[in-house]
Amino acid sequence: MSRSFVGARAPWLRRRERRVHRWSVIACISLFGLAAEQPTKAGAAPAVDVPTEATTPLTMEEAARLAAVDQPLLTERQAKIHAEDQQAIAASQLPDPQLSGGLKELPIDTSEAFSTRRDDFTEFTIGLSQDFPRAEKRRLQGARKQLDADADRAALDNEQRMVRRDASLAWLDVYEAEQSLKLAQRLADEANLQVQSLEKDYGNGKASQADWLAAKVDAGLAADKAHDWLHHVLRMHAGLSRWIGDAAERPIAEALTMPGIPNPLPALMAGADHHPVIGKLDKQIEASATEVALARQSYKPDYSIEVYYAYRREFADFVGIQFKMGLPYFTKNRQDRGLAAALEQSHASEDRKRDLLRELHAEVTQDYVDRRHYEERATDFDTSIIPDAERRVETARNAYQAGRGSFDTVLLARRALLDVRLQRLALAVESARAQVRLDYWSAAQPPAGEAP
């Protein structure tokens, strides 16, 4: 980030940067043991800070739990499910009855034209009719709507998992940025101390001007690196706030705890076979089969009944009843086409499930390989690479202090140690990301009480 941009930042962003920077400074002070004890008055008890929710470190598991609380993405899906449950009940009912009324047999010529009294055929009628679709058709219509609701329930389960996954990944982004900032700030503090020491030695003639200037350049680069990581911290906090709102401003927990060994790959594959995405497709396949059954029902006629009463002013009244029945005899371009389309849709849903299972198995295998790979590399860093990098720094420093080495060697060793620690941090975070994705594919349900 350029300095011109820094000077143009809004006040709220500068306040937020100062707050994140304060967290990193406090952590660095505790690492180097530079924090001084606060004096207390004689006989007075030291002040004790009571942790509040706003200051309690935010863990990844808590971030995943908070993301499922008051989440519009989930409540919108729940509202849709409730609507489809209601529609399923309505779809299986008989149609509403129909009320009819009118005037029949009204003459329009001769001396009886438009008279309702002189002609004995003229009548006022009122009737009530009811359509009777077949019971099996009504049942299938209700079942079809209910399958839509069941498919959305599976989608809701999947979205709950997605929210937990994405919130956890966003938390890991913040964690990586903040830990990297602390490492960079630690290097910057060490570099500043080195500049101060060399400045004194240069004034006393014990160090060269080139070494002093090299230390100043190194300190500037370290500060720039810390500034860049601060930028990442601010961005990642904003990304986390998409899932948990203002809780994203809480400090991130220092520890990153993940299971040591993931479940065996066959168990993960079996879990993916029961993933809600597959469950939603299963419901869609059932819906396609229901559509086929409905298409077959269209070959069978429906019927309706109407009863009516006819009033005549000067003559006797009438009552009547009528039956109507559909005649699905011309099926070539209607019922046959509908059945063929339903069958093709059913085949397409089954093919989609087979393709999705293949895709899920590939993704689970990739995440499993990533999890093991990053875990093994992190172990190598802990056992050999980081200790060797630390010994390199110590050896270069001792050689320089003894006059047998150059200061450039010390700077290179120190920068290499920072890079090694950043790589180790990145490996731990990547391993955690792979585990989060594996948890998403797992058949295990979210903990009880976390659904909105």
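In this predicted model, 4 strands form an open sheet in the order E1-E2-E3-E4, with antiparallel pairing; strands are DSSP runs of E of at least two residues, helices are runs of H or I of at least four residues, and both are numbered from the N terminus, while two strands are taken to pair if DSSP finds at least two bridges between them. The edges of the sheet are strand E1 (98–104) and strand E4 (318–325), each of which pairs on one side only. From one strand to the next, the twist averages 20°. Residues are numbered from 1 along each chain as its sequence is written. Local features need pLDDT of at least 70, side-chain atom pairs count only at pLDDT 80 or more, and totals for chains, interfaces and linings use all residues, whereas side-chain values use heavy atoms, with hydrogens and water left out.

Strand E2 (residues 123–132) is joined to strand E3 (residues 303–311) by 9 bridges, and the two run antiparallel. Within this pairing, Thr125 has Ala310 of E3 as its bridge partner, and Ile126 is partnered by Tyr309 of E3.

Turning to the helices, Leu268, Met269, Gly271 and Ala272 of helix H7 (residues 265–273) are buried, that is, under 20% relative accessible area, calculated with a 1.4 Å probe on protein chains only. These residues lie on the same side of H7 because they cover an arc of only 160° around the axis, the arc being that of the directions from the helix axis to the C-beta atoms. The elements that cover the buried residues of H7 include helix H8 (276–297), helix H9 (335–401) and helix H10 (407–441).

The axes of H7 and H9 come within 10 Å and cross at roughly 145°, where axes are lines fitted to C-alpha atoms over the stretch in contact and angles run from 0 to 180 degrees between N-to-C directions. The contact (heavy atoms within 4.5 Å) is made by Leu265, Leu268, Met269, Ala272 and Asp273 of H7 and by Leu357, Leu360, His361, Val364, Thr365 and Tyr368 of H9. By class, this contact comprises 8 nonpolar, 2 polar and 1 charged residues, with Ala, Val, Leu, Ile, Met, Phe, Trp, Tyr, Cys and Pro counted as nonpolar, Asp, Glu, Lys and Arg as charged, and the others, Gly among them, as polar.

Note on methods:
Buried < 20%, exposed > 50% of the residue type's maximum accessible area, 1.4 Å probe, protein only.
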